[in-house]
Structure formats: C-alpha cells, structure tokens
Amino acid sequence: MDFVNLLQRKFIDYSSSLHREGIVDDQFTQLRKLEDENSPHFVMEVASLFFEDCEKLINNMAIALEQKQGVDFKQIDECIHQLKGSSSSIGAMRVKNACIAFRSFSDGQNREGCLRCLQQLSHEYSLLKNKLQTLFRVSVASRCLYVCLVIFCRGNEHAEPFPDVLVFQLEKEIVAAGGSIPRVH
Amino acid sequence: MSTASLITTWKVRDVVPVPDQFPTSLRVLVVDDDPTCLIFLEKMLRNCSYDVTKCNRAETALLKLRENRNGFDIVISDVHMPDMDGFKLLEHIGLEMDLPVIMMSADDGKDVVMKGVTHGACDYLIKPVRIEALKNIWQHVVRKRKNEWKDLEQSGSVEEGDRQPKQSEDADYSSS
C-alpha cells in the first residue's frame with residue numbers, strides 16, 4: 001500500500017503546484033468538488049470538452065487574423081469572449097488572463113498586438129493541457145494500482161477482506177478509464 | 001350570479017398551489033452555446049436536486065418551451081449566443097410563457113447588467129457561476145407566483161364595487 005500512498009501524495013503535491021503556479025484557481029477546486037459516485041470522471045470530461053473548444057476557437061482566431069482582405073475583429077472578439085467564459089468556468093486562470101489581455105488589443109483593432117496575444121494564449125493553453133493530462137494520469141494510475149492490490153489480496157487468503165461493493169465500483173472505474181481487470185482464480 | 005361575485009367566492013390559493021416548502025424538483029432549462037459552461041451548469045444544478053434540461057441554442061430552447069408550456073419553472077440563459085441574442089430570448093419568454101429568466105455572462109459591465117434588468121431578467125449572474133448562486137434560484141419562481149396571485153386577488157377585489165378593500169399584511173401594491 002506504500003506505493004499507492006506515494007502516488008496519492010504525488011497527486012496532491014502536483015495538484016497544489018498547479019494552484020501555486022496560477023495554472024488553475026479556486027474555480028478548479030469547485031469543479032473537483034462536483035465529482036461524486038454518479039460522475040467520477042466529471043473533471044476529465046469537462047476538461048476534454050474545454051480542450052476541444054479551446055483548440056477550435058484558437059484556430060478560428062488564427063484564420064481570422066490571417067485574412068488579407070481585412071481582419072474581422074468582431075469575430076475575434078466573440079471568440080475571446082467565449083474562451084474567457086469557458087476558461088473561467090473551468091478555473092484555467094492563466095488562459096483567462098491571456099483572454100483579458102487579448103481583449104484590449106482586439107478592441108483597439110491592433111492586428112500585431114492580437115497576433116502576439118494569440119501566441120501567448122496558445123502557449124498558456126498548451127501548458128494547461130499538459131499539466132492537466134499529467135494530473136489525470138497520476139489520478140487514474142493510483143486508482144488502478146489500488147484496485148490491482150485489492151484484487152491480489154482477494155486471491156490471497158491471508159490478506160484482509162475488502163468490501164465487494166468498493167471493489168466493484170473501483171473495477172468499473174478502471175474499465176471506464178480504458179483499462180482491463182486481471183482475474184485471479 | 002354575476003361574474004363579479006363569482007370571482008369573489010373562490011380564493012386564488014384554493015386553485016393555484018402555494019409552495020410553502022423548498023421545491024427540490026424545480027424544472028430548469030439552461031441555455032448556453034459554450035459546451036464547457038453548459039455541462040458545468042448542468043452538474044451544479046443536478047447537485048442542487050433540480051430537474052435539468054440543457055440546450056446549446058436559443059432557438060431550440062424556445063421550441064422546447066413552446067412545445068411544453070408548463071414543463072419548466074425557470075430558465076437560465078447566457079447573454080451572448082450565435083443564433084439569437086439572450087435578451088431577445090428573454091423578451092420572447094416574457095411575452096409567450098412569462099417564466100422567470102436568469103441571465104448570465106462573463107461580461108460584468110454595468111451597461112449589460114442594466115440591459116438584463118430593464119429587459120425583465122429576474123437576476124443576472126456573472127460567470128464563473130458558483131453553486132451557491134444556483135441553490136437559491138427557486139426564490140424567483142416563488143416570488144413570481146406570489147406576484148401573480150396578488151394580481152389575481154387584486155383584480156378580484158376591484159370587481160366587488162362598494163366593498164371596502166381588505167387590509168392585507170403586504171398592502172404596498174405597486175400598481176393602483
């Protein structure tokens with residue numbers, strides 16, 4: 001169990017570092033609080049939706065800024081507004097702040113300024129995505145390892161018994177995360 | 001029997017139910033074109049034990065409301081949406097269904113908030129919306145229904161003619 005505790009501690013430390021670096025803010029904590037037995041992967045689901053949406057909006061803005069005949073700043077403004085809303089909902093603080101800075105250049109119809117902001121925004125988004133994906137991997141790994149140990153102990157008559165309900169729930173989580181359950185006879 | 005005396009014989013409260021308890025299964029329609037915000041709001045509302053329907057388009061929301069006029073108690077809508085402005089949706093709902101509508105936006109500018117209030121929104125929430133703000137949205141439903149009963153009762157006592165108007169606990173009528 002020591003290794004499981006180690007992984008769980010790693011998860012907590014990594015999560016704290018995301019807050020310290022300003023990658024996420026208190027809103028991310030609120031999001032994690034919404035996770036329960038009915039939706040144990042809620043944060044991952046919301047994050048995936050956000051990544052998809054963010055990539056689409058960044059792409060749209062890049063295309064809009066490349067237009068030779070004239071930049072549609074109204075479209076840029078709408079993209080920034082939407083991204084500001086979704087990043088603040090998920091607690092992606094640095095992405096949200098990048099949107100706020102971007103807004104002022106878009107309002108001023110400053111194409112060069114907008115291009116620089118878009119670059120900064122892409123950078124913040126990539127950073128967030130990497131960090132969150134790492135966080136999710138550590139979370140899933142510790143859960144999987146815990147269940148493997150549980151199943152191993154079930155096969156070992158000298159080990160403490162685990163409640164079947166708990167094992168069943170954890171097995172469901174592994175399968176939902178894309179893993180498979182080793183069967184011990 | 002004249003219509004006037006018919007009106008005074010039954011009390012409004014006998015016909016329209018008064019929710020004196022916390023209405024846990026409030027039916028909420030939430031409208032937002034941002035998928036991240038929509039799923040986040042849906043989860044928070046479900047955690048408040050509300051019955052949630054989500055929509056990512058204002059037109060779809062209006063369709064659902066028209067198809068099922070008594071199917072929802074309250075609407076929560078984003079301001080900036082691609083197909084229809086949130087204020088336009090607010091106007092339609094006010095005219096057709098008269099449901100309480102809460103507007104929300106990442107935009108916290110005073111002029112936008114004012115626009116929400118003047119267009120008839122019962123509340124305006126700034127994103128990111130917190131679960132604490134959603135827990136109490138039932139108050140808007142109760143308040144609206146209470147105002148509707150007051151209007152009905154008032155129109156009932158006006159029809160009576162010579163009788164003195166009753167002194168009620170909240171005698172401050174906004175309209176005469």
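Reader: How many residues of chain B are in contact with chain A?

Author: This is a predicted model, in which local features need pLDDT of at least 70 and side-chain atom pairs count only at pLDDT 80 or more, while totals for chains, interfaces and linings use all residues. Residues are numbered from 1 along each chain as its sequence is written, chains are lettered from A and ligands numbered from 1 in the order in which they are written, and side-chain values use heavy atoms, with hydrogens and water left out. Contact means heavy atoms within 4.5 Å. On the side of chain A there are 19 residues in contact, and on the side of chain B the number is 19.

Reader: Which residues of chain B lose the most area to chain A?

Author: Buried area is the accessible area (1.4 Å probe) that two parts lose on being put together, summed over both. For chain B and chain A it is about 1700 Å², with 63% from carbon and sulfur atoms. Together giving 34% of what the chain B side buries, the residues that lose the most are Thr36(B), Phe40(B) and Lys43(B).

Reader: Which salt bridge involves Arg130(B), and what is its N to O distance?

Author: A salt bridge is a side-chain nitrogen of Lys or Arg within 4 Å of a carboxyl oxygen of Asp or Glu. By this rule there are two across the interface of chain B and chain A. The partner of Arg130(B) is Asp26(A), and the N to O distance is 3.3 Å.

Reader: Which helix of chain B gives the most residues to the side that touches chain A?

Author: The two chains have six residue pairs in polar contact, both residues at pLDDT 80 or more; such a contact is a pair of N or O atoms within 3.5 Å, where within protein one must be able to donate a hydrogen and the other to accept it, and residues adjacent in sequence count only if both atoms are side-chain atoms. Helices (H or I, at least four residues) and strands (E, at least two) are DSSP runs, numbered from the N terminus. With eight residues, spanning part of 35-47, the helix that gives the most is α3 of chain B.

Reader: What is the handedness of the crossover from β1(B) to β2(B)?

Author: Strands β1 (residues 27-31) and β2 (residues 51-55) of chain B pair in the parallel sense over five bridges; pairing requires that DSSP finds at least two bridges. Arg27(B) stands opposite Asp51(B). A crossover is right-handed if, with the strands pointing away from the viewer, the path from the first strand over the helix to the second runs clockwise. The path through α3(B) is right-handed.

Reader: Where is the cis peptide bond at Pro128(B)?

Author: The bond joins Lys127(B) and Pro128(B), with omega about 5 degrees. Pro128(B) lies in the loop between β5 and α7 of chain B.
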